[in-house]
Amino acid sequence: MIFDLTGEQEMIQHMTRDFAERHLKPAAEELDRTKAFPFENLKRLAQLGLMGMNISTDYGGSEVGVVAYSIVITEIGKACAATGVTTSVTNMVAEVIQEFATDAIKKEHLPKICDGTYPAGSFALTEPSAGSDAASIRATAVRDGNGYRINGTKTMITSGEHSGVTVVWAVTDKSARKGKGISAFVVERGREGFKVGKNEEKLGQRASTTNELIFEDCWVPDENLLGKEGDGFKIAMMELDGGRIGIGSLALGIGLAAIDYATDYAKNREQFGRSISNFQAIQWMIADTYTELEAARFLVLRAAYLKENGRKFTKEASMAKVFASEAARRATIRSVQMLGGYGYTKDYPVERFLRDVIVTTLYEGTSEVQRMVIAREILRGG
Amino acid sequence: MDIIVCIKRVPETAEADLVIDASKKAIDTDGLVFSINEWDNYAVEAAIQLKESVGGTITVISVGPEENNEVLRRALAMGADEALRLTDPAFEGSDAYAMAKILAAAVKDIPHDLILTGVQADDDGFGAVGVALAQMLGLPYAALVTDIQLDGETLTVHRELEGGLEEVDTLKLPALLTIQTGINEPRYVSIMGIRRVARKEIGVKGAGDLGLSEEAVGAKGSLSRIEELFFPPVGEGAEIIEGTMDEKTEALVKILKERGGIA
């Protein structure tokens with residue numbers, strides 16, 4: 001059993017850390033305050049090969065594997081969570097297109113995702129009345145000529161307004177059993193009938209936009225269909241499994257950023273005549289947090305390893321996601337506690353880490369959905 | 001133009017809590033993160049920019065154990081063509097002079113029009129290897145270089161001097177320059193670059209391959225040796241600035257201005 005990264009993975013980790021510390025970390029506070037979308041840094045990440053990490057070099061990807069993807073998202077997450085989630089989702093959009101799209105669509109869009117021509121990509125699954133119960137979506141796609149006409153409203157769509165391409169799920173067969181009549185489509189930015197609604201005012205990860213998307217008789221040609229008609233739910237599940245590795249990796253990064261900061265603070269903060277790191281109360285918070293995050297790291301990397309090697313990883317990805325996001329949430333709460341009143345102010349970054357981490361137990365499947373998936377897989381004998 | 005860049009792998013010490021080891025002559029490097037010496041990174045970038053404008057090859061050389069392959073491979077991923085690692089138990093304990101001898105022996109076998117080094121190393125900070133190497137090779141050199149212009153066989157370089165002075169020199173190739181930080185903006189290696197060089201062979205040479213006797217290198221071949229390493233005692237008269245962050249910043253800026261630290 002080998003716990004070491006490969007030389008290549010280590011180089012990618014160093015490169016990303018180096019870039020993130022110089023360009024992403026210094027920008028994070030202002031991005032949180034202004035909600036400005038990090039166009040320039042996303043473009044630079046693409047140029048470094050970080051937007052198509054599991055995309056074939058034939059389409060401009062860097063084809064470097066899922067473990068490397070996980071490491072990269074953790075490093076970006078340590079520096080700027082909003083940039084991290086955008087990178088994570090954009091990579092997954094590229095993966096889904098590579099896996100299920102027609103050649104023409106792949107050739108058209110994958111190079112533009114990989115080289116940063118598109119600032120981001122997005123997934124439009126969630127609707128106002130279909131969150132955790134994704135199979136209950138109501139958006140429809142009706143055959144019309146050599147294509148489909150999409151109608152419906154999507155909500156909470158990460159990077160919706162800045163995406164070059166959006167994968168949209170809609171019901172194509174209303175008479176089919178629940179989950180069976182759904183199909184997925186690639187919808188390009190600017191298509192007639194595709195409108196961007198509000199950008200949510202959020203607690204954290206504020207520079208990542210979270211949009212309402214409205215489809216009003218939005219027509220797409222046949223070639224924009226992903227897979228076959230009715231494959232939509234399967235595609236969504238595949239995306240979510242992979243996406244959970246990304247979100248677990250991101251949460252890990254946020255948790256590490258918080259506890260690294262708080263530990264450094266504790267070493268230098270004096271009360272009662274000595275460094276507060278001498279107190280067992282602080283030491284136990286440090287010990288527990290690093291232990292939990294280390295466990296999270298191994299769960300995340302193992303899920304990534306399984307996926308990279310073409311093995312089943314649904315259960316492991318859910319375990320990694322729920323554990324990493326909850327461990328990271330505990331890490332940020334303890335970090336605020338370690339800084340005391342200062343931790344509650346915007347003079348220090350730990351309150352931002354706390355706000356940024358909360359959504360990691362919500363999106364890409366809530367913690368409750370992860371537990372549902374894990375239990376289902378176990379009870380099924382998986 | 002064929003360029004050789006000499007690079008060093010050093011521990012990152014700027015923000016680390018350093019511990020002096022039992023010998024009292026070195027720091028304990030356990031747990032420290034190592035990377036390419038900052039000055040050398042600028043030297044690699046300078047070489048790549050020259051290659052991009054006039055063509056040629058870049059060879060990067062580093063003295064040290066297998067771990068040094070990390071910094072060599074990083075330089076390859078940035079755009080260097082060949083990498084060479086010099087390693088031998090006999091090299092242990094070399095000072096800047098002995099180190100320059102090792103490098104001189106290696107570069108003699110490699111065609112070169114220009115040799116670049118960093119001004120100094122993050123860890124030892126002697127700032128001597130580059131200029132000693134130039135002397136041994138009989139090359140014209142310029143230290144603390146902040147700008148390079150190439151016109152045929154002539155280099156025009158800017159050097160950073162004390163008190164904000166800048167000097168302009170011309171040198172005939174072949175020459176050696178020691179590169180100052182800030183001369184350029186070193187590129188990040190891309191994943192594509194990392195993948196391109198993942199399996200590239202890194203050459204290795206020892207004392208014997210370089211025709212160096214054991215007496216010529218290491219502690220025996222050195223002119224200086226480290227006697228002791230210690231943290232300076234905490235001085236008197238430190239002024240602690242109190243107040244809110246804004247007040248502290250304002251007070252600090254005022255002091256720095258008064259004492260000529262900033263304009």
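Reader: Which residues does B:Ile102 touch?
Author: Leaving out residues up to four places away in sequence, B:Ile102 touches B:Val63, B:Leu86, B:Phe91, B:Ser94, B:Leu210, B:Leu212 and B:Val217. Contact here is C-beta atoms, placed from the backbone, within 7 Å. The model is predicted: local features need pLDDT of at least 70 and side-chain atom pairs count only at pLDDT 80 or more, while totals for chains, interfaces and linings use all residues. Residues are numbered from 1 along each chain as its sequence is written, with chains lettered from A and ligands numbered from 1 in the order in which they are written.

Reader: How many residues of each chain are in contact across A and B?
Author: 13 of chain A with 12 of chain B.

Reader: Which helix gives the largest share of the chain A side?
Author: Helix α1 (residues 7-34) of chain A, with 6 residues. Helices are DSSP runs of H or I, at least four residues, and strands are runs of E, at least two, numbered from the N terminus.

Reader: Switching to strands. How many bridges join β2(A) to β3(A)?
Author: 4, between antiparallel strands β2 (residues 140-143) and β3 (residues 147-158) of chain A. Pairing takes at least two bridges found by DSSP. A:Ala141 has A:Ile150 in β3(A) as its bridge partner. The hairpin has 3 residues between the strands, and A:Gly145 takes a positive phi near 65 degrees there.

Reader: And what about β3(A) with β7(A)?
Author: Also antiparallel, over 9 bridges, with β7 covering residues 210-221 of chain A. A:Tyr148 stands opposite A:Val220 in β7(A).

Technical notes
Two residues are in contact if their C-beta atoms, placed from the backbone, lie within 7 Å.
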